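User: I am new to this structure and would like to understand the terms used for it. Please take me through them one at a time.

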Amino acid sequence: MMTGMVYLPPIDDLKSQAKRLRADLAASGQTIGHSKSLELVAHQHGFRNWNTLFAKAGNRPPLPMFVPGQRISGRYLGVAFDGEVIAVATQNDGNRLRVTVRFDEPVNVSKFESMDVLRHRVTATIGRDGRTTEKTSDGTPHMAIDIG
């Protein structure tokens, strides 16, 4: 396997890539079978064969899908929120999303009754479970988005 590879598309995208490759080659007069196109896609991604690529890419749950304008809810620093996604970007490892959320109502993240620290919008990097890997001192994820 190629070292330094940081992102693998989902299996469906890899299969579509193989289908496009086969069609492009056929248009130029080179006919190959479906399995050969899968093998070529595997080689393009640094794997010795399709089975190895499939095992690596297929053993991951899909990333949650968010789009700007989407309504979401969850918890930020332990406080419930409703809000709107205003930006989404896939991180370069392909396993995390950077999501910016504008809260409907500002979230008070202060633990002290005598002080308010209001957040109107935050950006967090979440995993496939909709949670940040960063946690508060009590083990609560900084952000946990309700998925599904």
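Analyst: A nonpolar core is a set of buried Ala, Val, Leu, Ile, Met, Phe, Trp, Tyr and Cys residues joined through side-chain atoms within 4.5 Å, where buried means under 20% relative accessible area, with a 1.4 Å probe and protein chains only. The model is predicted, so that local features need pLDDT of at least 70 and side-chain atom pairs count only at pLDDT 80 or more, while totals for chains, interfaces and linings use all residues. Residues are numbered from 1 along each chain as its sequence is written, and side-chain values use heavy atoms, with hydrogens and water left out.

User: Which residues touch the most other members of the largest nonpolar core?

Analyst: They are F66, Y76, F81, F103 and M143, in a core of 17 residues. Two or more residues come from each of β1, β2, β3, β4 and β5, and β3 gives the most, with 5 residues. Another core, of 11 residues, lies apart from this one and includes A42, W50, L53 and A57.

User: What is F103 in contact with, beyond its neighbours within four places in sequence?

Analyst: Contact means heavy atoms within 4.5 Å, and F103 has such contacts with Y76, F81, D82, G83, R119, H120, R121, V122 and M143.

User: Why are β1 and β2 called paired strands?

Analyst: Strands are DSSP runs of E with at least two residues, and helices are runs of H or I with at least four, both numbered from the N terminus. Two strands pair if DSSP finds at least two bridges between them; 6 bridges join β1 (residues 71-76) to β2 (residues 79-90), and therefore the two count as paired, running antiparallel. Within this pair, G74 stands opposite F81, and Y76 stands opposite V79. Likewise, 7 bridges join β2 to β3 (residues 97-108), also antiparallel, with A87 opposite T100.

User: What makes β4 and β5 the edge strands?

Analyst: In the open sheet of 5 strands, with the order β4-β3-β2-β1-β5, β4 (118-126) and β5 (143-145) each pair on one side only.

User: How are the axes of α1 and α3 placed?

Analyst: Axes are lines fitted to C-alpha atoms, for helices over the stretch in contact, and angles run from 0 to 180 degrees between N-to-C directions. The axes of α1 (residues 11-27) and α3 (residues 50-58) come within 9 Å and cross at roughly 150 degrees. The contact is made by I11, L14 and K15 of α1 and by W50, L53, F54, A57 and G58 of α3.

Methods:
Buried < 20%, exposed > 50% of the residue type's maximum accessible area, 1.4 Å probe, protein only.
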